[in-house]
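Please look through the sequence and the model shown here. The paragraphs below then lead through some of the features, one part at a time.

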Amino acid sequence: MAEHDLTPRLALHLDRHLVLPLLEFLQERGLYPEEEVLAAKLRLLAGTNMVDYAMAIHKSLHHGTDDDEVPEDMVARRAEVVASYVALQEAPSPLVAFLRDPQLVQLLRSDKQYNARMLQERFQIGSDQIEALYDNAKFQFECGFYSDAVAYLNQYRVLSTNGERTARALWGMLASEILNRNWDAALEELNRLKEIIDSKNSSSPLNQLQDRIWLMHWSLFIFFHHENGRNGIIDLFFQDRYLNAIQTNAHHLLRYLAIAVVVNKRRRNMLKELIKVIQHEQYCYKDPITEFLECLYVKYDFDGAQQKLMVCEQVILNDPFLGKCNEGNSITVPFRDEFFENARLFIFETYCHTHRCIDISILAEKLNMRCDEAELWIMNKIKSSKLDANIDSVSGTLNMTVNHVNVHDQIIESLKNLNKRTYMLAQNIVEPAQAALQAAQGD
Amino acid sequence: MASRFWGQGDSESEEEEEEVESEQGSDSDDDGGRGGAGHSSGGNRYLKNQEDDSDESDTGHRVIRSLRDKRNEEMRSIVDQMRNAMKINDWVSLQESFEKLNKHLEKVVRVNESTEVPKMYIKALVLLEDFLAEALANKEAKKKMSSSNAKALNAMKQKLKKNNKQYEEQIQKCREHPESFEDEAADDKDMDDDDDDDADESDAEIEDPDKIALSESEEERDEDDDDKEGWEQKRSKKDKLMDKQFLKDPSEITWDIVDKKLKEIVASRGKKGTGRIERVEQLTFLTRVAKTPAQKLEILFHVISAQFDVNPSLLGHMPVNVWKKCVNNMLLVLDILQQYPNIVVDTSFEPDEKETQKGADYNGTIHVVGDLVAFLERLDSEFLKTLQCTDPYTKDYVQRLREEPLFLVVAQNVQDYLERVGNLKAAAKVALRRVELVYYKPQEVYDAMRKLAEQPEDTLDDDAEAGDEHQAIDDNRGPSPFVVIPEVVPRKPTFPESGRTLMDGLMSLIYKYGDERTKARAMLCDIYHHAISDEFSVARDLLLMSHLQDGVQLMDISSQILFNRVMAQLGLCAFRAGLINEAHGCLTELYSTGRVKELLAQGVQQSRYHEKTPEQERLERRRQMPYHMHINLELLEATHLICAMLIEVPNMAASTYDKRRPMSKTFRRLLEVSERQTFVGPPENVRDHVMAATRALNKGDHQKAFSVINSLEIWKLLRNRDHVLEMLKLKIKEEALRTYLFSYSSCYESLSLNQLTTMFDLSEQHAHSIVSKMMMHEELHASWDQPTKCIVFHSVDQTRLQGLLFQMADKLSVLVEGNERAYEARTGGTLEGVPPRRRGEGQDSSNMGKWQENFVSSQGRQGGGNRFGYSGRGGGSGQSGGHQRDRGNQGSRGGYGGGSRFQDGRGRNQSGSSARGGDGGARMVNLNRVGRV
């Protein structure tokens, strides 16, 4: 099943810290040997300041072997990190001291220029100190103190006049909020960042593309956790620029887009566009989910679709974003269930659309259901008048009602509208003319 | 050969003679001008000028021959005259001749630059003296003479006596050793013959370089050698006056002399009477005596441009041998540049007079004016021209083609050099030239070229080697060059394993540094290459992302041609991949005018209605592609027609009631023509074949259709022929099934799947999927009966009246839309209160939307669903955007609503027919705008 795992491709566009949860998930799923995952984690942590965590992993990785001693450099690194942390804690810069005092903070206004001048004049806090705040935040972030990092970055964002670094600070905030599982705030950051990316005319198209791809990857965390994320992902990914970015350099995101569209009942209209994109990109990306849609809506191959659907289950379960379980209940995986429910409906709809008379047992097979279960399901559909059909229980078939619209009705329908439109047009023309006439008479 | 050696010996001996004087002269004379010149060297100057004058005056066949020879020749003829006169005892003419001889003597002496009287003259005097004595002795004869004759005899007697006193000594010598005088006369004659031959030969070459280029290369080489040496020799005689300054002691030649001479030669360009080839030779000689590397470089630049000058007309091409020498010169230039990195070549910098005087040990940068890229581009276009002019079925063509690596190596080296000096813009230009030689080669051809280039030198091309040897001979014979440049630049091209790698490398350079045109062309080449390597999706994405179609109208004609060729290849590629719609989209525009040959620059097409001026024709000829780059037109036509057939036949069957807009007008027209024929013979050409297949397919006879297509000859041109034919067979079956259902569905109440699969030889699953697709797309009003595996048809036929009503509704809605639009255009605002008609509304329903709704809407589209207004409201979702975009031609887009099959779900190739580019002369295919969805 590892062949459908997207982690390596996703990780390319994520921050180190953001990859950790993915690895965490992989470890849980046991898709790869545990040693490999641990080794990967260790490599990941080597770039951060989370030395204690790294040491723990090192121990568990080399557990039982001779060298379960923590290597020298790690120990040295730890000492170094701790030293600088302590230094930061104990001797806060004047700016930090300033910011810790709520009364002083009141003095700040929304005008950045004013703030900078005021700080400079009254507290001798120069721009280099403000920049130091950014480095400070970075350090906190590397240590894994994400909420501290957010606090610092937020203040930095308010004070700094350096545009580029402000954008970077935003990225930092986004990552921190995601890692804090603070989805509302993260979504806010995301939108702020998106505005910056889209409005930046100066940066090269290549950078913009790269930024968009990053943003989309990071947004996966938010969208698959936030309650309104399912609409959000569709809104974001289907924007022309973002769709282009996907098609250019991040084809694997199609999986998430496909899932989001399938799961979201209200956005059924995007399906057609999605299919187009999937078909267009099938030469460079396909996985069971996109193939399922292709089978169903391009080839109308119901058997194929059903087979793909079976494979989809594993894919979803193994995906770090989709396969997460509900808290406390390890059996239900919401995305899997919803996906299956909807996919079943898709097959059923399409099947009914092309058939007049269907054997229920066959239908049950296609839908991956037991026969009586399927019958019940269909009955519910009919009852809720979502399906215009009836069941012939003697022969065990479902008979669709074929109803034609009368040709006369069609013609009338098509002409009725014209009448109104012409009327409106005429009125629109006549009114101003009359008004003008009256005005002329008034004179 | 003997005479040649002799000739050389002669010149050497004379050089020795002359050294004495010129040694005095050269110091004072060279920059001092004429006034201060010594007596004898002053003569030199004068003579040289005179030589120039005479050259200018004689315009006919120029027999090139040194002045001295000419004078001697004249003298000899006078002597001959005298002999004749003696024989008939004609003293009158004898007297005349004698006077002439004396006059002439002065000239000869001057030319020979010796105080010595020519031996010939002395001999004539001796002869005359003897004859006079004899005549005087013969008293009787004397009496018989006429009075005038006798008078002349007496006058002669006195004159001779007076004259001979001056030369008494020599006459004495002559009488003692008559044989030594005899010799020279004979030799002189010999030499002259030789001269004449050479002159004739060279004349021939000047007049008709093509002839030489066309003759067998072996011969040509020999002849070439002869020529060359002939030239060499002649020059050594004729230009002796010039060369003697150089041929003497190498240490005596200064930078100034060379520079002055160079300027002189350069200034002579284009003047009447200066031979182009001579200029090349003179300059080549100068390169050898150049004093500094920089000067050598400068002269080499002049040599190269002189070589480009050899062929004066735009139509002809540079002689092949000159081209090769030019290549060698380029390599030499690069050698110098590599050896002396402080020499900088540029065009912008205005070097001072003495710039090139700085020697090899000079540390700063030396600027030399020149444009390597321009030379290289010229070299390339000359190469192309030879190929254009050569008959592709001859051995010459192949031979010439084999020289391509020769150019590639220069290009590679120039590019390396430019990259090294950091002139990346220019390097990108050079890279483009290389790309243009590689892009059209499939991997097989590329491999062949690579192998050819990697062969050891002697088997590779004897020509080049012969040339080198030749060069060596030249060098040995002359004084060894002052500036010896080792061959530092590689003489062999290096090619990466696959053409793709090479292309990628060059591409990345061009994309980074090239200018707009370079980039666009490179992009087109890249797409072309992807297309011939069967990577359709990559090629397509490149084309779409680069937005080349938008700007192609504004590009130059050769780029437009390239674009057309790219589209053609893209079409072929799509066809091979089984993407019929895409292939059709690429090719249809190309064939809509019937000027394919012209659009692809693969031959001139005579148009019946439009007479071309000779000027246009010439221009067109110059744009032609060389034969080896041609795209097979038959294959292209077959591809286009087959694609059109596969699309159009079901389309026609589906729209028997209403006149649906044809997908391919060209195909429809051809079909009409072929249907008008009273008698249908067996198919002969590609078109006949496809028409026959169409007739079969129309009836649903897929076997016959395929066998007719299969019998086409051209399939053997395809690399993966079996695969393509297999694909084609399947497609034909599918379309036959569709056509059958369209045509005969009204005759059936139900139809079993089993029957369909046996009829069309398709798998059950495949047939099921095709029929389902038709149902979903409302092309077929039927549904499956699953337990019995039958198709049950719904009879939803409309009456004639109803059909007409639909059409009327259609037209009315078009009318209303037109009015609304006019209103909007007029007022600038949208109509208020009008029921939603386009925006937003198309979003909510679709074929795969809520299926109940779909049932309703689907019914509205029976009969083809081409009612724009209606289907736009009911079921045509997602088309509102397209509708707005294409307002201009929406009236004519019936097939849009229902025919989503034809859109292939991708929105490609569907914008209406596009405006042709301006005048008829713009060779453009504006292929359908392809917007990335």
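Chain B has an accessible surface of about 43,500 Å², and 51% of this belongs to carbon and sulfur atoms. Accessible areas come from the Shrake-Rupley method with a 1.4 Å probe, and for residues only the protein chains shown count as cover. This is a predicted model, in which local features need pLDDT of at least 70 and side-chain atom pairs count only at pLDDT 80 or more, while totals for chains, interfaces and linings use all residues; side-chain values use heavy atoms, and hydrogens and water are left out. Residues are numbered from 1 along each chain as its sequence is written, and chains are lettered from A and ligands numbered from 1 in the order in which they are written.

Chain B holds 44 helices and five strands. Helices (H or I, at least four residues) and strands (E, at least two) are DSSP runs, numbered from the N terminus. Of its 933 residues, 52% count as buried; buried means under 20% relative accessible area, exposed over 50%, and partly exposed in between (1.4 Å probe, protein chains only). Among contacts in chain B (heavy atoms within 4.5 Å) between residues at least 6 apart in sequence, 70% join residues at least 24 apart.

Helix α5 of chain B covers residues 119-137, and its 19 residues should span 27 Å at 1.5 Å a residue, which agrees with the 27 Å between its end C-alpha atoms. The expected span is 1.5 Å times one less than the number of residues. Buried residues in α5(B) include Y121(B), L125(B), L128(B) and L132(B). An α-helix has 3.6 residues a turn, so residues three or four places apart point the same way.

Now to a sheet that draws on both chains. Six strands form an open sheet in the order β2(A)-β3(A)-β1(A)-β4(B)-β5(B)-β3(B), with mixed pairing. Its edge strands, each pairing on one side only, are β2 (389-392) of chain A and β3 (750-752) of chain B. Two strands pair if DSSP finds at least two bridges between them. Neighbouring strands of the sheet are turned by 20 degrees against each other on average, direction ignored.

Where do the two chains join in this sheet? Strand β1 (residues 355-359) of chain A runs parallel to strand β4 (residues 782-785) of chain B, and two bridges join them. Here C357(A) stands opposite D785(B). Helix α37 (residues 753-760) of chain B packs on the sheet and touches β3, β4 and β5 of chain B, its direction making about 60 degrees with that of β3(B). Helix α38 (residues 764-776) of chain B also packs on the sheet, touching β1 of chain A as well as β4 and β5 of chain B, at about 140 degrees to the direction of β4(B). Axes are lines fitted to C-alpha atoms, for helices over the stretch in contact, and angles run from 0 to 180 degrees between N-to-C directions.

Within chain A, three bridges join β1(A) to the antiparallel strand β3 (residues 397-400), where N399(A) is the bridge partner of C357(A). Four bridges join β2(A) to β3(A), also antiparallel, with I391(A) opposite L398(A). The hairpin of β2(A) and β3(A) has four residues between the strands, and in it G396(A) takes a positive phi near 70 degrees.

Finally, consider two arginines of chain A. R336(A), in helix α20 (residues 334-354), counts as buried because its relative accessible area is 16%. R43(A), in helix α3 (residues 34-46), counts as exposed because its relative accessibility is 60%.
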